[in-house]
Amino acid sequence: MRIIDPHCHMYSRTVDDYEMMSLCGIEAIVEPSFWLGNDRTYAGTFYDYFNHISEWEPKNRAAKRGIKHFCTIAMNPKEAENITLAREVVKGMLPFLDRETSVGIGEIGLNNITKNEEAILAEQFVIARDRDVPVIVHTPHNNKLEGTLRILAIAKECKVNPLRVNIDHNTEETLRHTLDAGFWAGITMYPRTKCTPQRARDMVERFGSERILLNSACDWETSDPLSVPKAARLMLRTGFTRAQTMGVVWENPYKFLAASPKFAKAMEPIYNADAQEIPAT
Ligand SMILES: [Zn+2]
C-alpha cells in the first residue's frame, strides 16, 4: 500500500518513527507549522522553527529514511491570541513560503474561537488565496461544530478556493458540513482527543471517500505515526477494495497537494513510476 500522510509533526518524533513509517508504506508526509507545547515569545523563534521544518527535517532526517518531507508555514491558532506577535510572524514568514519543500499554508484555524484568532486566520486565508496554494486548517477541540462552521464562513468571506483547503480534524458531527461546502475534509486519527482508525473507516463508509484525507497528526503527545497505515489495513480487511483504500490514503492527498507546483514536481516521477499498477478508482 502506498501512503501519503498529509499531517505529521516530525519535529517531535524520532528517526525510529520515520523508519517504521517508511516500512509501512508511507512515501511522503506534510509537516504543518504548529504550537510546540509552550507559547513562543519572539518572532525569531518561529523563523528558526520554519527553517528547521523546511530544510533540516527533510534533508537530514526524512530523506535518509526514504520519505519525502514537505511542510506548510503559518502562524498557528493557539498562539494567534497575541496579535502583535502573530502579525509580526505572518509578515516575516513569507520568505519561508518560497522554500523548495514548502507547499502551502498551515496550520491556520481556530482554537478558542476568539476575535484575534479569526483576524489572523482571515489574513492568512487571503495570502493563501493570492498564492493559490494548499492550506491546512485546524478545527478546535472544544465547540468543534461551532468552530468548524465559523471557519467555513471565514473561508468563504476571504474567497479562498475550497479545493485548496483541507479542513482538518473532522468528526461525524462536522464532516457533512465540510464536504457540502466543497472543501477537502481531514480525519485525524489521534488517540484520546480525536478519533480512531475504526471511526475513520466508518466515516469513509458513511460519507464516501471523495475529498477525504486521513492523517495521524502525530506530535509530542500520545499519538501514532502509523495510524494511516493501520486505517488502510483495517479498510482492506473490512470490505474496501485495494483501489478504494489507495484512493483515500494515496490518490486523495496527492490530488490535494499537487496544487502546489513544488509538490507536483517532486512527486510526479514517484507517483507515475508504477502508475500501471495503481488500480483505477
Ligand atoms: Zn497538527
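## Helix H5

Helix H5 covers residues 144–157, 14 residues in total. At 1.5 Å a residue they should span 20 Å, and the end C-alpha atoms are 20 Å apart, which agrees. The expected span is 1.5 Å times one less than the number of residues. Helices here are DSSP runs of H or I with at least four residues, strands are runs of E with at least two, and both are numbered from the N terminus.

Which residues of H5 are buried? They are Gly147, Thr148, Ile151, Leu152 and Ala155. These residues cover an arc of only 135 degrees around the axis, which puts them on the same side of H5. The arc is that of the directions from the helix axis to the C-beta atoms. A residue is buried if 20 or more other C-beta atoms lie within 10 Å of its own, exposed if 12 or fewer, and partly exposed in between; C-beta atoms are placed from the backbone. The face turned away from the buried side carries exposed Ala153 and Glu157. The cover over the buried residues of H5 includes E4, H4, E5, strand E6 (165–167) and helix H6 (175–180). Just after H5, Lys159 takes a positive phi of about 55 degrees.

## The model

This is a predicted model: local features need pLDDT of at least 70, side-chain atom pairs count only at pLDDT 80 or more, and totals for chains, interfaces and linings use all residues. Residues are numbered from 1 along each chain as its sequence is written.

## The whole protein

The protein has ten helices and eight strands. Its C-alpha atoms fill a box of roughly 50 × 40 × 35 Å, taken along the principal axes. With 281 residues, a compact globule would have a radius of gyration near 19 Å; the protein has 17 Å, which agrees. That radius is taken over C-alpha atoms, and the globule rule is 2.2 Å times the number of residues to the power 0.38.

Buried residues make up 46% of the 281 residues. Take the contacts with a separation of 6 or more: residues 24 or more positions apart account for 75% of them. Two residues are in contact if their C-beta atoms, placed from the backbone, lie within 7 Å.

## Helix H9

Helix H9 has 16 residues, 242–257. They should span 22 Å at 1.5 Å a residue, and the end C-alpha atoms are 22 Å apart, which agrees. Where is the kink in H9 centred? It is centred on Val248 and comes to about 40 degrees. The bend at a residue is the angle between axes fitted to the seven residues ending there and the seven starting there. Val248 is also one of the buried residues of H9, which include Trp250, Pro253 and Phe256.

## Strands E2 and E3

Five of the six residues of strand E3 (residues 68–73) are buried, so E3 is largely enclosed by the rest of the structure. Strand E2 (residues 26–32) runs parallel to E3, and five bridges join them. Two strands pair if DSSP finds at least two bridges between them.

A cis peptide bond joins Gly106 and Glu107, with omega about -10 degrees. Glu107 is found in strand E4 (residues 102–109).

Asp132 is not a glycine, yet its phi is positive, about 55 degrees. It lies in the loop between helix H4 (115–131) and strand E5 (135–138). With 13 C-beta neighbours inside 10 Å, Asp132 counts as partly exposed. Ala217 is not a glycine either, and has a positive phi of about 50 degrees. Ala217 sits in the loop between strand E8 (212–215) and helix H8 (227–237). Is Ala217 buried or exposed? With 27 C-beta neighbours inside 10 Å, Ala217 counts as buried.
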